[in-house]
Amino acid sequence: MEALVNARLPADHEHILHIVALKKKQAEKFTTAFLKKNLTSMTEEKINDIVQHKAVLLHYARKKKERKKIKRTKGLNAKQRRELKVFQLKPENQKYELFLPLHELWKQYIRDLCNGLKPDSNPQNIQQKLLKADFHGAVLTVAKSKCPSYVGTTGILVQEMKHVFKIITMEDKLKVIPKRNSVFAVEIDGFVSHIFGSKFELRSSERSAKKFKVKGTIDL
Amino acid sequence: MVRLKSRYLLCEVCVSDRSHLLLLDDGTVQNAAKHALIQAHGDYGFAHSIFGFSVKYLNAHTGIVLLRCRKSHYRLIWSALPFITGLKKRGQKVPCFFNCLHVGGTIRTCQKFLVRYNTQQLHRMLPLCHSEEERSAIRKSVLSCTVQKDADADSEEDIGEED
Amino acid sequence: MDRGAKVFGALGQRLYSNRMRRAAKKEEPATYERLVYKNTSVYHYMSISLEFENEETLSPAQLKQFIVNGLKDIYGEVGGAFPFDLLKFDELKLTAILRVYNSGLVKLWSALTLLSSFDQERCAVRVNQERCAVRVNQVSPFLLALSGNSRELELH
Amino acid sequence: MYRELEKCPRSLLVCEKSNFENEKSSHDTHVSKHYFNHKVSLVIPECRSLPPKLASVINNFKKYFLIKDLPVYEFLDKDFLENVVWNGALYALSYKTSIDQDNTIALLPSSHLILSVDKDTYEQLGLEGKPSQYNHKQPMRYVVTIDLTEKSMAPGGKRYQRVLSSLKERVPLKSHFLLARHNSGVEGDRVLQSLLARYQWKDHTPVVRSHTLKDLSCPSLRSTDLRGEQHSCDPSSFLEWLGAVSAGVSCDNTATSFTSTYVCPEPNTPVSQALHCTLSGLLLPEDIYSLLQELRRYFDEPKFTSWLSLTVHGFMDSPVSWGDREHGFHKGGENFYNFVLFRNQDYWLHMGTGSNDRCPP
């Protein structure tokens, strides 16, 4: 269709119609001048646009709603975290004394959680509370383990992961202890609770939502 | 899933008076077998073999019994069968013994065996007929109860009734 | 039963005839030989003691019959039919030593454990059931080992 | 028909034949490595009473102590280690602890402390150990071996501290102990006495019993024929006969008798009398060795009998049999050895163990 419109008139037709076909350049110039003269409301660019834009709307289309882009604060992904060593304690910071205030804080937190932690309070209630509590800052001791060399390790819990506890010992050493196959003892104001690590393999954030089952074997 | 395999013991109940055979039913046979098992193999053997033990088929006219048991312990039941000396029914005791004809893995092989066995028996017995009338009477009775279509395959009456 | 014997240092001992050895005034010193037997003993020995609810006396034959009956209860005529010996029975202490083939050990042991009542015909009419239990003190493939039971060592 | 009922656990019997004068003969190591001996029994055919020399050796067996509720860490005391454990030979074995259910502790004269503990105790103890031979699919029992002569076990050392804190704080293991000591120095005695003084204790002497058996038939043995192929008795039936003699089982049965069909193995010779002498208690290998040496001298004078036998039973609940080879208890806990001494200084040695044991040396 387009080709037909743009095609030059045959020479014999010129004679019949009494018009002279313009050269291509001349024709273009003519068209722009013509349009400019008639469509005074539009700027030259817009006209140009119309001439160039050849899409023809044949049916009704709804106007697209512009979706608002929610801007997320993009954090670091796991790989970047690993590379930057964000969660790794620097060797110069692996000091037991540095974490003592954290331990004091934790004790305060547990006392608040258990309504004061009186000596006559029900151990079962405390256990229920402890189950959902956060243990960062607690003094953990490995009471039982399948691997004998872990047994007896004591220190402040500095980091809890899904499968391991990272604790810092009195000798300022950072120890990574797998939760599986070990039993940990937590002492607070005379109450000693045992944590069966194999049943505790969760992140601390997930644990607060988890329902612990009473059943099941607690054998290592 | 693994199929629980069974063994089927095809037995013939031998009694002195064939009219006593009509007293047979599943319960009496099963009871007799259980007693024999306890006698032969004690509580231990009984407990081992009693699961899955059942009387699958019983023909009171011909005295054919099909017992089903677990494959793992069928020897216990098999060896206990000779210890059955009589069947008790409503205080009446019928002296008998069990003759184990065939041990099969499926009911179908037992059935096939029974057909073959009975044909064999028929061929063995026929020459013993005294007169021609007897022989034709037997032939007639055999033909009357067989399925017409494959009359030569099924030659004994209890076969047609098998499941 | 694998009674396979491994011979480590066998030397040609049997080459010497018996007569030759007798002729020599002093016998030749034995050469080193080592044999390792696995499951060499065809028997197992059990030392048991009986405990009755009331005071009871019984003869060795009665005891053996009692055990045979127990075996028959559990394993029946077929399974319970295996030989065993009552080597010794102390009628005062009610202790006994049994000897049984290896193949019958498990059966005998389990039958002994499950024995619980002792039938004794006191009068001609009444059958008295006496509760009793059998304690298995020691089981060993060597009869010699039964005489050295260190668990019986009592010191005060 | 009951295939699974006819199985039974393995047992081992090692038979050796040699001569005492053979320089490669290892009878002395076999005797001295069998640490915890509970009973010694002697059978001497054609003998009415103990010869005085033998009797004096038997009466000179060392006494032993029973000490009640002794915590295990007492063995690790510095003074005790230096004077008693490293100096001379100390034998200690927990008393009345069954190795198949309790924690059993043994201190060998080679200064090895052996703890055979159940799974729960092992997990709390925090000391490296090996799973025991007695095991299910999962290990249920562990054997912890501590070499007290090791450098790191010197008092004050790192490992020493760990063992001490394990036994003192984490799991305060305690038990009754049977103690015996050989080669006691004066200083050692003083330290041992000071330990004993702190706990309830009593000393015991081995119990000697002897009686003469009349009119019995003895199997005839030929020293060169260990296997019993030529007119001799094979090892297992000989041991059975010995057991029958020690248990007082009568041999006069016939094949048709109802209660028992046991008879003396063929070939046998009638013997008018035989001496059967037993000693029980915690018997030291050193004493047993001197008894063995004395028995060798028994044939110096001409005697009717051509052989005599010495049987030594180990403790059923000892965690070791020979050396530090593990010993267990499956159904009998037997670990014993038996010497048959012949006139020409030949000997047979039978060593038997049960199913949870390592093979004897």
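Me: At what angle do helix α3 and helix α6 of chain D pack?
Reply: This is a predicted model, where local features need pLDDT of at least 70, side-chain atom pairs count only at pLDDT 80 or more, and totals for chains, interfaces and linings use all residues. Residues are numbered from 1 along each chain as its sequence is written, and chains are lettered from A in the order in which they are written. Helices here are DSSP runs of H or I with at least four residues, strands runs of E with at least two, numbered from the N terminus. With lines fitted to C-alpha atoms over the stretch in contact, and angles from 0 to 180 degrees between N-to-C directions, the axes of α3(D) (residues 78–85) and α6(D) (residues 186–197) sit 8 Å apart, at about 135 degrees.

Me: What do we call that arrangement of α3(D) and α6(D)?
Reply: Under 35 degrees is roughly parallel, over 145 roughly antiparallel, 65 to 115 roughly perpendicular, and the rest oblique. So α3(D) is, relative to α6(D), oblique.

Me: Which residues of α3(D) make the contact?
Reply: Contact means C-beta atoms, placed from the backbone, within 7 Å. On the α6(D) side you'll find Glu187(D), Gly188(D), Val191(D), Leu192(D) and Leu195(D). From α3(D) come Asp79(D), Phe80(D), Asn83(D) and Val84(D).

Me: Which residue of β1(D) is the bridge partner of Lys38(C)?
Reply: Strands pair if DSSP finds at least two bridges between them. β2(C) and β1(D) (residues 12–19) run antiparallel, joined by six bridges. Lys38(C) has as its partner Leu12(D).

Me: Which element gives the largest share of chain C's side touching chain D?
Reply: That contact takes 57 residues from chain D and 47 from chain C. The largest share of chain C's side, six residues, belongs to β2(C).

Note on methods
Two residues are in contact if their C-beta atoms, placed from the backbone, lie within 7 Å.
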